[in-house]
Amino acid sequence: MKKSKNGFTRSKNPDSKRFKRDMARHLDGRSLNCVTEKIDGVEEIVGRGGAIAVRDDELIVLGSQDVVLRTKILSMNAWELMSLEGVVITAPDEEHGGVERTIVAYYSYWRTLED
């Protein structure tokens, strides 16, 4: 079982508040290479460069100097790719009228000291 920085074990239930907060903390500050979204069955790049940031109770994905996705942490579902090269986030997008979106954010550097 992997321990977080504060010594507690991470939650394994992806629907729990604790898991969502832990995932947001894990993603906070990640530098991004690009962000993609499947639109009409085609994977399209919706942002280049950027980062993931946590502000108050929101997760914000920035790309191409724009907000790609802004959502409440407790309403998102997020999981890392098996390659650990990025993260898939499904959530209602507060920045674009609350429509539910699924994006894939690819890290610039996916190997960090904590991994």
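**Ground rules**

I number residues from 1 along each chain as its sequence is written, and I leave hydrogens and water out, so that side-chain values use heavy atoms. As the model is predicted, local features need pLDDT of at least 70 and side-chain atom pairs count only at pLDDT 80 or more, while totals for chains, interfaces and linings use all residues.

**Entry 1: the five-stranded sheet**

I began with the strands, taking helices (H or I, at least four residues) and strands (E, at least two) as DSSP runs numbered from the N terminus. Two strands pair if DSSP finds at least two bridges between them. Which order do the five strands of the open sheet take? I read E2-E1-E8-E7-E6, with antiparallel pairing. Strand E2 (42-48) and strand E6 (77-80) stand at the edges with a single partner strand each, so one side of each has no neighbour in the sheet. I noted an average twist of 25 degrees from one strand to the next. For angles, axes are lines fitted to C-alpha atoms (for helices over the stretch in contact), and values run from 0 to 180 degrees between N-to-C directions.

E6 pairs with strand E7 (residues 86-93) in the antiparallel sense, over four bridges. There I found alanine 78 opposite isoleucine 89 in E7.

**Entry 2: helix H1**

Where does helix H1 (residues 17-27) pack? I found H1 on this sheet, touching E6, E7 and strand E8 (99-107); contact means heavy atoms within 4.5 Å. The direction of H1 makes about 55 degrees with that of E6.

I then listed the buried residues of H1: Phe19, Lys20, Asp22, Met23, Ala24, His26 and Leu27. Buried means under 20% relative accessible area, exposed over 50%, and partly exposed in between (1.4 Å probe, protein chains only). Their cover includes E3, E4, E6, E7 and E8. After H1 comes glycine 29, with a positive phi near 90 degrees.

**Entry 3: the three-stranded sheet**

My next stop was the open sheet in the order E3-E4-E5, again with antiparallel pairing. Its edge strands are strand E3 (51-55) and strand E5 (66-72), and each pairs on one side only. Direction ignored, neighbouring strands here are turned by 20 degrees against each other on average.

How many bridges join E3 to E4? I read five for this antiparallel pair, and isoleucine 52 stands opposite valine 61 in E4. The hairpin of E3 and E4 has two residues between the strands, and in this hairpin aspartate 56 takes a positive phi near 55 degrees.

Strand E4 (residues 58-63) and E5 pair antiparallel over six bridges. Is E4 mostly covered or mostly open? I noted it as mostly covered, with five of its six residues buried.

I looked up arginine 101 in strand E8. Its relative accessibility is 11%, so arginine 101 counts as buried. What does its side chain reach? I found the backbone oxygen of valine 68 at 2.5 Å, and a polar contact with the side chain of aspartate 93 at 2.6 Å. A polar contact is a pair of N or O atoms within 3.5 Å; within protein, one must be able to donate a hydrogen and the other to accept it, and residues adjacent in sequence count only if both atoms are side-chain atoms. Leaving out residues up to four places away in sequence, arginine 101 touches several others, among them Glu37, Val46, Leu69, Ile89 and His96.

Threonine 90 lies in strand E7. Threonine 90 counts as buried because its relative accessibility is 14%. Beyond four places in sequence, its contacts include Ser75, Met76, Trp79 and Arg101.

**Entry 4: a charge over a ring**

Last, I checked arginine 30, which lies over the face of tyrosine 107 at 4.6 Å from the ring centre. A charge sits over a ring if NZ of Lys or CZ of Arg is within 6 Å of the ring centre and within 35 degrees of the ring normal.
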